[in-house]
Structure formats: C-alpha cells, structure tokens
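Subject: Structure for you to look at

Hello,

Here is the structure I promised you. Please open it next to this email and follow along.

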Amino acid sequence: MKATVLALEQYNQPLVRREVEIPALAKGQVLVKLTAAGVCGSDVHMWKGEDSRLRLPMVLGHEGVGIVAALGGPKLTIDGKELHEGDPVIWNRGVSCGECYYCKVLKETSFCPRRKVVGINLSLNDPPYLNGCFADHIILAEGTDFYLIPPGIDPAVLVTASCSGATAAHAFDLVRPEPGETVVIIGPGPLGLFAVALAKAYGAGQVVLTGGSQSRLGLGKVFGADLVLDRNKLSAAERRELIFEITGGRGADMIVETSGTAAGLEEAIGLTRMGGSVLSVGASQPGGTFLFDGFEDLTRRNLRLQGVWVSDARHFDRAVRLVLNNPDLFAKMVTHRFRLSQANEALAAVDRREAVKAILLPD
Ligand code: ZN
Ligand code: ZN
C-alpha cells in the first residue's frame, strides 16, 4: 500500500506530490490516516529555508489529527486507554528521548537534543519515511503521546491545539495572572488568540489585545479580549498611555508577546508595571535585536523576562482540553480550509497573512 505525501524538495519551490510505500510498522509505531493538518506560520518559514533544523527532502506539517490505521503492538493513550484501529486521535508533535539531562533531571523535554518532531527535523529519507502531516498518512514513533478524540469534534478545529495552543499553554504554565490582573497580548494570530482565551480562563480581569488587522482584532474580542488596540490607528505612545490609564498608572501585570519581533518585545517592556512579567512566546526564527537598559528596564523594576520555547505533553494536554471545552469558539479561528493537493495555496494564504488558521483536509 502506498501513501501520498507533499514533499518539500527545494526551498521556495512548490511542494511536490510523491507516492511512498508504507513500510511494515516497527514495535510501538502507529500508522495514522490524516483527517486534518494545520498549516503553521513556521511551515512558511521552513518552506523558505529559514529553519536550520530541516533536512530535505522532507514532508512539512507538525500539526495533525487522524484515525488510527494500524498499530505496531499495544499502545496506550496519554490517559491510559488502549488504542485501536479506527480510533480518532490527536498527538503531541515531539518525542523526546526520556534519558538525557534535560529529560530526566530538568524535566524540560523540549530541550532534549534527541527530540524528534514530525514535520520539522525528520527527513523523507529517515525511516519510517512518513514523517509529516502534509500527507494522507503519517507514522508516529514509539513514545508519541496520543489523545482519543470524543465523538462530534471537527478535526480541523482540534488540530489548532497541537502547536500554537500548546505553546500558549506553556507560557501560562510559566507565568500566570493573579485573578483580576491586566494581561496585554501582542499579536492577534493563533498564538495570541489562544493567549486571550487562556488569560481569561486563568482569571485575568482585563485582557488587552494589540495588532494590525481589524478582522483578527475582531476575532480577539470574540475570544474574550476586553480591549483591542489597532496599531495602524494608535501610535506606540498612545497605546502605552491607554494601558497605563486602565491600570491605575502602573502598567500591565503581564505581557504576552507573540509577534516574534524586536519591536514587539521592546514595546512589551515599556508596557509592564514594576515587578511585572514579559513573555516572549513562539517566535520560530530570529526577529531582530533591540537595546534595553539593564538597570532602568530590568533590575530596578524587578521585571521578569521569560522566554517560551515550544511545549511538552503537559501543555499539549491543557490546549486539547481548552479546545474540547469550547469547540465552537475555536472553530472561528479556522478561517481557511484547503484540500491536501492545495497545500501550496494554503502555504501562500498563510504567508500573505490572509488566513488566521489554514487547515488541510484529505483529497
Ligand atoms: Zn507550529
Ligand atoms: Zn532527552
């Protein structure tokens, strides 16, 4: 039996449709027939050759939902249920070794030097070859964390949890608002929208979302933002003035920067109260540098500057639960649906920032 993949063979060139023989499964591997694959902003960066983790040819797509087609032996889900053929599943995209210093001692599995991530650092030449979600089938390694999906859930909606949802959940695992605090979120993409929903879920009083797209800011309101600030209409000074006005002149308690730009981070530092926190979340490639005053901006203000790199099973779990608790809300994030054979168009729509979340469905 053969699987169809859309292979990235040359950067900046259209993905190419290829047929790949499905190999016999090794112990612990799971063959999944994909029912939805998310197109991430980082897929566009990878397609352009801006991510050094890639080895070509490869199959993009680290966000997937599907149906178990075959199992290489017994396999349990993350909450101890046995997987069977025909089960609808979502999975955590990265598998860490479980044995290194980061895995065992620090319990920071996303720093594992042997971490394998489907659709990112596995090539089409690495067995079992079906290593990405821009395909009709994928083979997931032994050690993958699986979730059974309850009936009636749209795979295209749940797939949003697997990357941006889990990474946003990681941010709030590191720093959380106290009830009633003010959280400012910079960037109204999928990460920012998840951050709005999480800030509300953790009891933030006021959630402010800033960005440059009217439609995305409108979506932010639906996700729970109390105030949205359009950076095309308000200058940085005006935005700062407004945020200080609504926080008793102190500044925001917590800022979640999701734009991945130096300008966003610089603005975030200026919007924070004394003793507040700035989180830099989910940037997938360098966004430039800026200067800050170590004494005035950091030391004297007890400022907490926190980076947030990808996510682990714990964060994935939170994101999945969040979406399952409110699928109708997260459905609004899915603005574009394409067939697998239209993957090149889907990448272009994400690159042009037309799509908040674009999803590939089977042909
Ligand atoms: Zn992603
Ligand atoms: Zn490890």
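**Salt bridges**

Glu63 and Lys357 are both buried (under 20% relative accessible area; exposed is over 50% and partly exposed is in between, with a 1.4 Å probe and protein chains only). The two form a salt bridge, with their closest N and O atoms 2.8 Å apart. A salt bridge here is a side-chain nitrogen of Lys or Arg within 4 Å of a carboxyl oxygen of Asp or Glu. Glu63 lies in strand E5 and Lys357 in strand E18 (residues 357–361), so the pair ties together parts that are 294 residues apart in sequence. Helices (H or I, at least four residues) and strands (E, at least two) are DSSP runs, numbered from the N terminus.

Before you read on, note that this is a predicted model: local features need pLDDT of at least 70, side-chain atom pairs count only at pLDDT 80 or more, and totals for chains, interfaces and linings use all residues. Residues are numbered from 1 along each chain as its sequence is written, chains are lettered from A and ligands numbered from 1 in the order in which they are written, and side-chain values use heavy atoms, with hydrogens and water left out.

By the salt-bridge rule, the count is 19. Asp154 and Arg337 make one of them, at 2.9 Å between the closest N and O atoms. Asp154 sits in the loop between strand E10 (146–148) and helix H3 (155–158), and Arg337 in strand E17 (residues 334–339), so this pair ties together parts that are 183 residues apart in sequence. Asp154 is partly exposed, at 29% relative accessible area. Arg337 is partly exposed too, at 42%. Glu9 and Arg18 also meet in a salt bridge (2.6 Å, N to O). Asp173, Arg176, Arg314 and Arg318 are linked in a network of salt bridges.

**Two zinc sites**

Which residues hold the zinc ion (ligand 1)? Its protein donors are Cys40 (SG), His62 (NE2) and Cys163 (SG), lying 2.0 to 2.2 Å away. Donors are N, O and S atoms within 2.8 Å of the metal (3.2 Å for Na, K and Ca); water is not among the atoms, so sites may look incomplete. The spacing in sequence is C-x21-H-x100-C. Cys40 and His62 are both buried.

The zinc ion (ligand 2) is coordinated by Cys97 (SG), Cys100 (SG), Cys103 (SG) and Cys112 (SG), at 2.3 to 2.4 Å. Angles among its 4 donor atoms run from 104 to 119°, and the site is tetrahedral (four donors, all angles between 85 and 135 degrees). Along the chain the donors follow C-x2-C-x2-C-x8-C. Cys100 and Cys112 are buried. Arg300 and Cys112 are 34 Å apart in space, C-alpha to C-alpha, and 188 residues apart in sequence.

**One helix**

Are Arg216, Leu217, Leu219 and Gly220 of helix H6 (residues 214–222) buried or exposed? These residues are buried. Seen down the axis of H6, the buried residues fall within an arc of 155°, so they line one face of the helix. The arc is that of the directions from the helix axis to the C-beta atoms. The face of H6 turned away from the buried side carries the exposed residues Ser215 and Lys221.

Best wishes

Terms used. Four donors count as tetrahedral if all angles lie between 85 and 135 degrees; four count as square planar and six as octahedral if opposite donors are over 155 degrees apart and all others between 65 and 115; anything else is irregular.
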